[in-house]
Amino acid sequence: MRSPRSSACALAVVFLLLASSQSRSAETPRDQAWAILQANWNEKSTEKRVQAVRVLALLPRDLRALELAQKAASDEKAEVRVAAATVLGQLHGKSSVALLHKLLEDKEPSVALAAASALIP
């Protein structure tokens with residue numbers, strides 16, 4: 001026979017599990033998508049970061065997307081900076097124009113080309 005104390009502990013564990021599963025289901029699909037995007041942005045893999053940046057183009061008028069694309073413009077990898085320049089052009093953020101002009105002077109020609117293309121109306 002179980003002691004009242006072990007029954008209470010088991011009940012507490014079940015309650016905590018139920019509470020945590022309900023909080024996970026309360027997360028909206030948009031929140032889940034941002035979590036996936038953030039996870040890919042934080043990856044060491046250049047390709048995953050590039051893909052995360054490219055997805056930002058699908059989020060026009062989203063300040064978080066614009067800020068993340070601007071942050072990507074200073075990534076150490078040229079491929080990520082190219083994606084950032086392209087996306088900044090697609091998002092049409094006026095606050096990105098100065099950053100795109102700065103990218104015109106990038107040491108990697110592909111980055112400078114992407115920035116030039118992004119600045120063409």
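Arginine 49 and aspartate 75 are both buried (under 20% relative accessible area, with exposed set at over 50% and partly exposed in between; 1.4 Å probe, protein chains only). The two residues form a salt bridge, with the closest N and O atoms 2.9 Å apart. A salt bridge here is a side-chain nitrogen of Lys or Arg within 4 Å of a carboxyl oxygen of Asp or Glu. Arginine 49 lies in helix H3 and aspartate 75 in the loop between H4 and helix H5 (78–91), so the pair links parts that are 26 residues apart in sequence. Helices are DSSP runs (H or I, at least four residues), numbered from the N terminus.

The model is predicted: local features need pLDDT of at least 70, side-chain atom pairs count only at pLDDT 80 or more, and totals for chains, interfaces and linings use all residues. Residues are numbered from 1 along each chain as its sequence is written, and side-chain values use heavy atoms, with hydrogens and water left out.

The whole structure holds 3 salt bridges. Another of them joins arginine 30 to aspartate 62, with the closest N and O atoms 2.5 Å apart. Arginine 30 belongs to helix H2 and aspartate 62 to the loop between helix H3 (46–55) and H4, so this pair ties together parts 32 residues apart in sequence. Arginine 30 is partly exposed, at 48% relative accessibility. Aspartate 62 is buried, at 13%.

Aspartate 106 and arginine 81 also meet through their side chains in a salt bridge (2.8 Å, N to O). Aspartate 106 sits in the loop between helix H6 (97–103) and H7, and arginine 81 in helix H5, so parts 25 residues apart in sequence are tied together. Both aspartate 106 and arginine 81 are buried.

Aspartate 106 is also touched by alanine 112, as are Leu103 and Leu104, not counting residues up to four places away in sequence. Contact means heavy atoms within 4.5 Å. Alanine 112 is part of helix H7 (residues 109–119). Its relative accessibility is 16%, so alanine 112 counts as buried. From alanine 112 to lysine 102, the C-alpha to C-alpha distance is 8.8 Å, across 10 residues of sequence.

Helix H2 (residues 29–41) also packs against helix H4 (residues 63–72): their axes come within 13 Å and cross at roughly 5°. H2 and H4 are therefore roughly parallel (under 35 degrees). H2 contributes Trp34, Leu37, Gln38 and Trp41 to the contact, and H4 contributes Arg64, Ala65, Leu68, Lys71 and Ala72. These residues comprise 6 nonpolar, 1 polar and 2 charged.

Technical notes. Axes are lines fitted to C-alpha atoms, for helices over the stretch in contact, and angles run from 0 to 180 degrees between N-to-C directions. Helices (H or I, at least four residues) and strands (E, at least two) are DSSP runs, numbered from the N terminus. Angles under 35 degrees count as roughly parallel, over 145 as roughly antiparallel, 65 to 115 as roughly perpendicular and the rest as oblique. Ala, Val, Leu, Ile, Met, Phe, Trp, Tyr, Cys and Pro count as nonpolar, Asp, Glu, Lys and Arg as charged, and the others, Gly among them, as polar.
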